[in-house]
Amino acid sequence: MTPRRTARAAALRAALAAFLALPCLAAAQAAFGDRLVGKVGLGVYGRSEVVRDTGASTLVLPYVYADWGRVFARVDTLGVKTLPLGLGHLELVARISTEGWDADRAALRGLSDRQNPVPIGVGTMQRTTYGAFFLYAMHDLTSGGNFLEATWGARFDVGRVALYPLLGLEHRTGAYVRHLYGVDAAESAASGYATWTPGASTVPMAGLAATVPISGPWGVQLQWRHRWLDSAIRNSPIVGTGSLDSGHVALTYEFM
């Protein structure tokens, strides 16, 4: 069995174990409460794409930042809280990724489509007096690569508006980066682009989120993030920029 298949098999076994553990977690749900707590609504999500000629993308999707007992959703991260860990819990998590792209543009002729990554793994959210720390370690079922992320966020109130500055670091292993931005020999011959076999990538992130109340439980959620791409991504012949911007605007109802 190849190393990639071995890693994928291990990830599938972990996912199966997590699924089989759900009944046990559900039995302990009462300790966490049995109702929905958090913000739910509808959002518009946008991002500037980094691959040549793909432009920008905009999606209208549900917005959920809420807990239901041990189960939670943090916009693009879904998970289940398990054992207590520090100031939070060890979490089984999955990430909804839209990093994939279709090679249906003239500038990308000869390249293959890139499927969205499917990262699953473990994580934790640690609430401290200095803000919240979000830590994730995931394996991507699509590429066989790994993804690590550390994000800090804090809250500052300005009148009725809550502001959340964000700082983070994202690490993708070489297999993950090659899946999205690499060019193999066959694609090089078909497209005219030079071959590109990148190694691992580490990308810093800064952003700002805000909650703007409207009336009662209704509010607007705003977020913007900027990522500075490193040479593993930026120097790919199919990448046309050195940074990536993403964000969303969502109308939400808060359950308490």
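The protein chain exposes about 13300 Å², of which carbon and sulfur atoms supply 64%; accessible areas were computed by the Shrake-Rupley method with a 1.4 Å probe, and for residues only the protein chains shown count as cover. The model is predicted, so that local features require pLDDT of at least 70 and side-chain atom pairs count only at pLDDT 80 or more, while totals for chains, interfaces and linings use all residues. Residues are numbered from 1 along each chain as its sequence is written, and side-chain values use heavy atoms, with hydrogens and water left out.

Of the 256 residues of the protein chain, 41% count as buried (buried, under 20% relative accessible area; exposed, over 50%; partly exposed, in between; 1.4 Å probe, protein chains only). The chain has 4 helices and 13 strands, taken as DSSP runs numbered from the N terminus (helices, H or I, at least four residues; strands, E, at least two). Among contacts (heavy atoms within 4.5 Å) with a separation of 6 or more, 57% join residues 24 or more positions apart.

The largest nonpolar core comprises 26 residues, among which V50, W101, L111, Y181 and I233 touch the most other members. Such a core is a set of buried Ala, Val, Leu, Ile, Met, Phe, Trp, Tyr and Cys residues joined through side-chain atoms within 4.5 Å. Two or more residues of this core are given by each of β7 (131-140) and α2 (174-181). Beyond its neighbours within four places in sequence, L111 is in contact with W101, A103, V183, E187, S191, Y193 and I238.

I238 lies in the loop between α4 (231-234) and β13 and is buried, because its relative accessible area is 0%. With residues up to four places away in sequence not counted, I238 touches partners including V50, W101, L111, Y181 and Y193. The C-alpha atoms of I238 and A194 are 9.1 Å apart, with a sequence distance of 44 residues.

K39, in strand β1 (residues 36-48), likewise counts as buried because its relative accessibility is 18%. Its contacts outside four places in sequence include Y63, Y65, T211, Q221 and Y253.

On the surface, I214, W218, L251, Y253 and F255 form a nonpolar patch with about 460 Å² of accessible area together. Patches are made of residues with over 30% relative accessible area and no salt bridge, like charges being joined within 9 Å and nonpolar side chains (Val, Leu, Ile, Met, Phe, Trp, Tyr) within 5 Å; a salt bridge places a side-chain nitrogen of Lys or Arg within 4 Å of a carboxyl oxygen of Asp or Glu. Strand β13 (residues 243-255) gives the most to this patch, with 3 residues. I214 belongs to strand β11 (residues 201-215) and counts as partly exposed because its relative accessibility is 47%.
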